[in-house]
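Dear colleague,

I am passing on the structure we spoke about, and below it you will find my notes on what was found. Please read them with the model open beside you.

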Amino acid sequence: MFPILLLMFITVPIIEIALFIQVGGVLGLWPTVALILLTAFVGASLVRSQGIQTLLSVQQRLQQGELPAQQIVEGVMLAVAGVLLLTPGFMTDAMGMAVLLPWPRVWLAQQIMSRVKVANFQSGFNHQQGPFGQDPFQQDPRNNQQGGSTFEGEYERKHDDQDRLN
């Protein structure tokens, strides 16, 4: 994983700089800067609207009693798209826009979900056994006392007004 991240942190800026030089040579400095700012603003507004739609979809699925796993993955992908769109560069903008479009995002979310194993935590919570393989109602095996129902503590007896009258 580390070599892949290292390669990305080296190659992505090199590609972005090369694209800046190429686009700047064709359009000029200020139109290139304006284009970068325009994609950041448009991308941020699109991420916001798509994020609100995804949030509403999550709430609707939860109200129906369904697990909104795909919508949650899509929400994370929208956050990644927002970071890509706010990062200055044409390649990152293109990648962010691709994730922002609904059809590629749904397909990519399905691909991610098919590769992720979801553990069923409810299987460990039955009445016989807890999540750590022991009966939760059984006495603690580290407690070697006989009876096991001794509580240590301090108490103070306080009298009510009614107790004082008697």
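Which pattern does the chain follow when read along the sequence? The chain, in what is a predicted model, runs α-α-α-α-α-α, and its secondary structure accordingly comes to six helices and zero strands.

On confidence, the chain averages a pLDDT of 79, with 75% of the residues scoring at least 70. Confidence is highest in helix 1, at 91, and lowest in helix 6 (residues 161-165), where the mean is 63. Over residues 121-127 the pLDDT is below 50, although this stretch still has five contacts in the model beyond near neighbours in sequence. Where pLDDT is low, the predicted coordinates should not be read in detail.

Among contacts with a separation of 6 or more, 57% are accounted for by residues 24 or more positions apart.

The surface feature I would point out is a nonpolar patch of about 500 Å², made by Val26, Leu27, Leu35, Leu38, Val42 and Leu46. Two elements, helix 1 (2-27) and helix 2 (29-63), each give two or more residues to this patch. The largest share, four residues, comes from helix 2, and Leu38 is one of the patch residues found in that helix.

With best wishes

Definitions and conventions:
Residues are numbered from 1 along each chain as its sequence is written. This is a predicted model: local features need pLDDT of at least 70, side-chain atom pairs count only at pLDDT 80 or more; totals for chains, interfaces and linings use all residues. Side-chain values use heavy atoms; hydrogens and water are left out. Patches are made of residues with over 30% relative accessible area and no salt bridge: like charges are joined within 9 Å, nonpolar side chains (Val, Leu, Ile, Met, Phe, Trp, Tyr) within 5 Å. Accessible areas come from the Shrake-Rupley method with a 1.4 Å probe; for residues, only the protein chains shown count as cover. A salt bridge is a side-chain nitrogen of Lys or Arg within 4 Å of a carboxyl oxygen of Asp or Glu. pLDDT is the predictor's confidence in each residue, from 0 to 100. Contact means heavy atoms within 4.5 Å.
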